[in-house]
Amino acid sequence: MNFFCSSNNSSSSTSHQSNLVVVLVILFTVSFHCILFVEAFTPSGTTIPFANSVMNHRMITAAVRKSLARTTTTFTRNFKKHKELLPCSTSSSLCPCFTYSTQIFANGGNTNDQLSSCGVDITTNEYLVQQRLAVEAAKRQSRKDALEEDRQRNLRIKQLLEETTVGEQENKLDSGKGKNSSFTAVYPIPNLYQVRVSVDKTLRDELKMNGREKRGRVFIEKSSDGCKSLKGLKFEMHAFFRALRKSTYILSASLPTVLNDGTIYSPGDENNHVEGKDPYKDFWDINSDEDVLKTFDKAEEFFQTYNEGLTGEDSQKKKLKRPSILIHVRKDPNAPAPLPLPKYLENMPNPEETETMTMLSFYSFPPGGVQDPEEFALFLRKIWKPFDALGRVYVAKEGINAQMSIPTNVLHNFRDCCFEIPELGQYMENGINIDPIPLTIEEFAVAGTMNGRPCPPFRNLHVRVRQQIVADGLDHELDWDSAGYDMPPMEWHQALKEAKKARESDDEGKKKSAPLIFDCRNNYETSVGIFAGAVPLDTENFRESWDILKEKLKDKPKDTPIMTYCTGGIRCVKVGAYLTQELGFTNVSRLAGGVIAYDRTLNDQAPGEEPLFKGTNYVFDGRVGRRITDDALGECITCGGKTNLISNCQNTNCHKRMVQCDNCRDFYRGACSEICKNRVLNSDVFFEREAPVSANKYDSLDDYAEGYSSPLSPFYDEIKKNTAQLMSTGVHMISDTAQGRLLYNLASMTREGRILEIGSFTGYATCCFMEGAAAAADAIGYTHGYGTRESGPFVMSLERDNRAIDIAASHVNIMSTFGIGDKGAEVASALRETDVTESSMPLSFKYKNVGCEILKVDDALAYVEAMAKGISGADTKAFDMVFIDADKTRFLQYVEACLTSDKVLKKGGIMVVDNTLWKGLVLDINNGVMSNANLNADNLEAKKSKRARKLANAVHYFNSMIAKDSRVEVTLLNIRDGLSIIRKK
C-alpha cells in the first residue's frame with residue numbers, strides 16, 4: 001500500500017519508511033481517542049450502556065464529533081512537532097492524511113479526494129487493515145504513555161516522601177536562635193498533601209468495590225491539578241479508587257482529628273462509629289474548583305497552626321509531617337437513574353445456559369448505506385455482547401453481511417434486537433436465514449476444522465470494516481434496491497419444477513421460454529452442490545462474474561427470463577443489479593435468502609418434498625459445507641472419485657479449498673498432495689506432543705523461568721548452602737540459578753573454552769565456567785590433554801579475599817575429583833560439617849579436559865593490566881571470555897584493559913560485567929530522583945545509603961560510557977542485579 005503523500009520535496013525511500021511509524025501514530029491517535037470517547041463520554045462519568053437503546057449510537061456520534069473538535073488543536077500541536085519528518089509536509093499546511101484523520105468524524109466530509117491526492121489507495125481492504133493496525137498501535141502507545149506518566153508521578157511522590165522531615169526543617173529554621181527561643185517563623189508547607197479517603201457503604205455495594213477500596217490514602221503534589229480543581233482531585237482519587245470512574249458521586253471534606261498518639265482519626269473506619277451520631281456532620285461539600293482551593297487552604301492553615309501549638313516532650317511525636325485532609329465519597333442522590341433495559345433484553349435467559357447453538361446469516365443494503373462503518377461496527381460489538389454472539393460480520397458503506405452462531409435460548413431476543421437496528425430491520429432481505437437444525441454444544445465444538453483438528457465454526461465475534469461486504473470488482477456502485485424480483489423459496493421451488501418440465505417438453509416454444517438459471521457461486525462451491533438445470537458461472541472469485549455474464553447473454557433478448565441464486569442471497573443482489581442496470585434485462589429474479597433459506601424453508605413448510613438442490617451447500621464458517629442430499633457431485637482432487645465433501649488442505653501454508661473423498665482425506669491426512677501430507681506429518685510431530693501437567697505452582701515469572709529451564713546439578717545447590725553457612729555476610733553476592741546457567745551457556749559457545757574470571761568469590765561461577773569450557777572443548781573436538789595458560793580450554797580466576805579463595809578452591813577441587821553429580825554434591829555438603837582448610841598457592845585443578853587456576857591477587861586490575869602488556873609472570877594466551885565481578889568503581893578500567901590489548905581478550909570475544917543495574921538504583925540516578933535525604937547522617941543505614949548512591953553513580957557512569965563506545969556492542973540484561981554482555985569488535 002502506498003501510504004506516503006506525494007510532494008515536490010525529494011527524499012529517500014529509507015527516510016520514508018523510517019517515518020511511517022511516526023505518521024501512523026500521529027494520524028490514528030485521533031481515531032483511537034474517538035473510540036475511547038464513545039465509552040467514556042457521559043455526564044459526570046456515568047457510562048451509557050449501549051444495549052439500553054439501539055439509537056444510543058446516534059447520540060454518541062454527535063458527542064464524538066464534538067469531542068474531536070475540542071481535541072484537534074492538541075493533536076495538531078503534536079503533529080507539528082514531527083511535521084518536518086513527513087514527505088508531504090510543507091510550510092503552509094498540514095498533510096491531507098492528517099486532515100483526514102482529524103476531520104473525518106468532526107466534519108463528516110468526503111475525504112476520498114484528499115486521500116487520493118496523497119497516494120492512498122482507499123479501494124482496497126489492505127488500507128483498512130493498515131488503518132486498524134495503526135489504531136491498535138496507537139492504543140498500545142497510549143497505554144504505554146499512561147503507565148509511564150503514572151511511573152513518573154510515583155517517582156516524584158517517592159522523592160517527596162523521602163525529603164527532609166518537618167522536624168529537620170524546623171531545626172534549620174531554629175538554628176542560631178538559642179535553645180529556649182520561641183518559634184515564630186511561619187511553619188513551612190511541604191510539597192505533598194495527604195488525603196485520607198473513605199467511601200460510603202451504599203456506593204461501595206453498588207459499585208461492588210473490593211475491601212481495598214473501602215478507604216485509603218492518596219498523596220497529591222502541591223503543584224498538581226489535584227489541589228486546584230475538582231476534575232484534578234477526582235483524577236487523583238481514581239488512581240486508587242478505580243471503581244469510582246463508573247459513577248457520579250459527591251465529595252465532602254473535613255480537617256483531621258489528631259489522636260494523643262499522633263495518629264489521625266479516620267471516620268472511614270466503621271468500627272469507630274457511634275450509633276446515632278453522624279461521623280460526617282462537620283464535613284463540607286466540594287462542588288467546584290473554588291471549594292477545592294478553599295479545602296487545601298484550610299489544610300495548610302491547620303497544618304501550621306497545629307504544629308506551632310504543640311508543646312511538651314512528645315510534641316515531636318505528634319507533629320504532622322504534611323498537610324492532611326479527610327474526604328468522604330457518597331452517592332449523588334440526584335444522579336440520573338440508569339436507563340431501562342430494552343424490551344429484547346427483558347427476562348432474557350442466560351446464554352451460557354444454552355444447550356444448543358444456532359447457525360444463521362443475514363445481509364442488508366440499507367438505502368443511503370452505512371454512514372460511518374467504523375462507528376457502526378463498534379456499535380454492533382456493544383449491542384450484541386449480551387447474547388454471547390459468535391461469528392464473522394463485515395460492515396461497509398454499502399451494507400452489512402453476517403455469518404453467525406447464536407445460543408439458541410436467546411435466538412428470539414437476538415432477532416428482536418436486529419429488527420430494532422435501523423440499518424438492519426426491514427432492510428434484511430428475507431429476514432435472518434436460520435439453519436433448520438441447531439447444533440448441540442458438543443456438536444458445535446467439533447462442527448468445524450482448523451489445522452486438521454475439530455473446532456467450533458466460530459470462536460469469537462469479529463465485526464470488521466471492509467470497502468465492500470462482497471468484493472465485486474466493479475468500478476462504480478449500482479443501485480442495490482433495483483436488483484430484480486426477490487423470489488421466495490417455495491415459489492422458487494415451484495418455478496424450478498416448471499422450468500424442468502419446459503426443458504423436457506417436446507414443444508419447442510416451451511423449451512425456448514424456459515428460464516436461464518445461473519449459479520452465481522464460485523467453481524469450488526458448484527462442484528459439490530447445484531440446482532438441477534442451473535448453469536454455473538465457473539468463477540474462481542466473484543469479481544470474474546461480469547465478463548462471463550456478458551458472454552453468456554450477448555445474444556439473448558432483453559426479456560429473457562433469468563433466475564439467479566447463491567449461498568445466502570447477497571451475491572445475487574449484485575448480479576441482479578448488474579443484469580438490470582448494466583445489461584438491460586427486464587425479467588430477472590433471484591432466490592430470496594439463497595440456498596440457506598431454501599433449505600430451511602423446504603424443511604419447515606414441505607418436509608416431504610424432494611430438494612431440487614443436489615449435494616452439499618458450501619457455507620462460510622468452520623463447517624465448510626452443509627449436506628442437503630447424499631448426491632456425490634464433486635470429483636476428488638487426489639483420486640478422481642465422486643464425492644460431496646469439500647474442505648481445505650490441512651497444510652496451513654497451503655490451505656487451498658478442495659474436493660476430497662473420505663478415503664483420500666484419511667490417506668493424505670487432509671492434505672491436497674504428497675508434499676503437503678509430508679508437511680502435515682512433520683507438523684504433527686510437534687503439535688501432537690502433550691505438554692506434561694506440572695505439579696508446581698509458581699508465584700513469579702522468575703520462578704516460572706527457572707522451573708522451565710534445564711535443571712541444574714545438585715552440586716550447585718550445595719555451593720549455595722555452603723556459602724550461606726561459611727560466608728553468610730556475602731551470600732547475596734553468589735550467582736543465582738538463571739545467571740549461572742547463562743554463564744555456562746556463554747562459556748560453552750566460546751571458540752576454545754578459555755575464560756578469565758575476575759572475582760571468584762566462593763566458586764559458583766568458576767564451576768559454571770569449567771563446565772561450559774568442557775562443553776566447548778567437546779564441540780571443537782579438543783584432544784590434546786588439559787588446557788593451560790598457553791593453549792586449550794582453560795579457566796583462570798582472580799580473587800583477593802583469603803576466606804573466599806579457600807571456599808572456592810574446596811568447591812573446584814570437589815568438582816575436579818568427584819564431578820558435579822550426586823557424588824560431588826554429597827562431598828560438597830560435608831563441608832558444612834568440617835569447614836574448609838587453608839589453601840596453599842598456586843591452586844591448579846583439572847576437570848575433564850579443562851585446566852583451572854585460582855590466583856590470589858592484591859589488585860586484580862593491576863594484574864589484568866600487566867597481562868595486557870605481556871609482563872613476565874602475568875602473560876597468558878588471550879581469552880575468549882572475561883567475566884568481571886569486581887570493584888564497581890573500576891569497571892571502565894577493567895574493560896579498557898581488555899579492549900586496548902588483544903593479549904587479554906581476543907577480537908570477537910565477550911566481556912560479561914555483573915551488577916550493572918546495582919539494586920535498581922541506576923534508574924533513579926538516570927532519572928535524577930535519587931534522594932539526598934539522610935545521606936549526611938551518622939547512623940549505619942545512612943552510611944549504607946551513601947555508599948549505595950556512590951556505587952550506583954559509578955555503575956550508571958559505566959553503563960553510559962560503554963554504550964557509546966564504538967569498539968564494542970553492548971546488551972544489558974535485566975537478570976538478577978544486571979548483566980552487561982559486551983562483544984569486542
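**View 1. Lining of the second largest pocket, by residue class.** The lining holds 14 charged, twelve nonpolar and six polar residues. Charged means Asp, Glu, Lys and Arg; nonpolar means Ala, Val, Leu, Ile, Met, Phe, Trp, Tyr, Cys and Pro; the others, Gly among them, are polar. This is a predicted model: local features need pLDDT of at least 70, side-chain atom pairs count only at pLDDT 80 or more, and totals for chains, interfaces and linings use all residues. Residues are numbered from 1 along each chain as its sequence is written, and side-chain values use heavy atoms, without hydrogens and water. Of the 32 lining residues, Met733, Asp885, Ala886, Asp887 and Lys888 lie nearest the pocket centre. Strand S29 (794-799) and helix H32 (940-964) each supply at least two lining residues. Helices (H or I, at least four residues) and strands (E, at least two) are DSSP runs, numbered from the N terminus.

**View 2. Strand S10 and its two partners.** All nine residues of S10 (residues 399-407) are buried, that is, under 20% relative accessible area (1.4 Å probe, protein chains only). Gly399, Asn401, Gln403, Ser405 and Pro407 point one way, and Ile400, Ala402, Met404 and Ile406 the other. S8 (residues 356-364) runs antiparallel to S10, joined by eight bridges; Met359 is partnered with Ser405. S9 (residues 390-396) is also antiparallel to S10, through seven bridges. Here Arg392 is partnered with Gln403. Two residues separate S9 and S10 in a hairpin. Strands pair if DSSP finds at least two bridges between them.

**View 3. Ile437 in a loop.** Ile437 sits between strands S11 (433-434) and S12 (439-440). Its relative accessible area is 55%; exposed means over 50%. Arg600 is 163 residues away in sequence, yet 8.6 Å away in space, C-alpha to C-alpha.

Note on methods
On a 1 Å grid over the protein atoms alone, a cavity is a set of points where a 1.4 Å probe fits but cannot get out, and a pocket is an open set with protein on both sides within 12 Å along at least five of seven lines; lining residues have an atom within 4 Å of a point.
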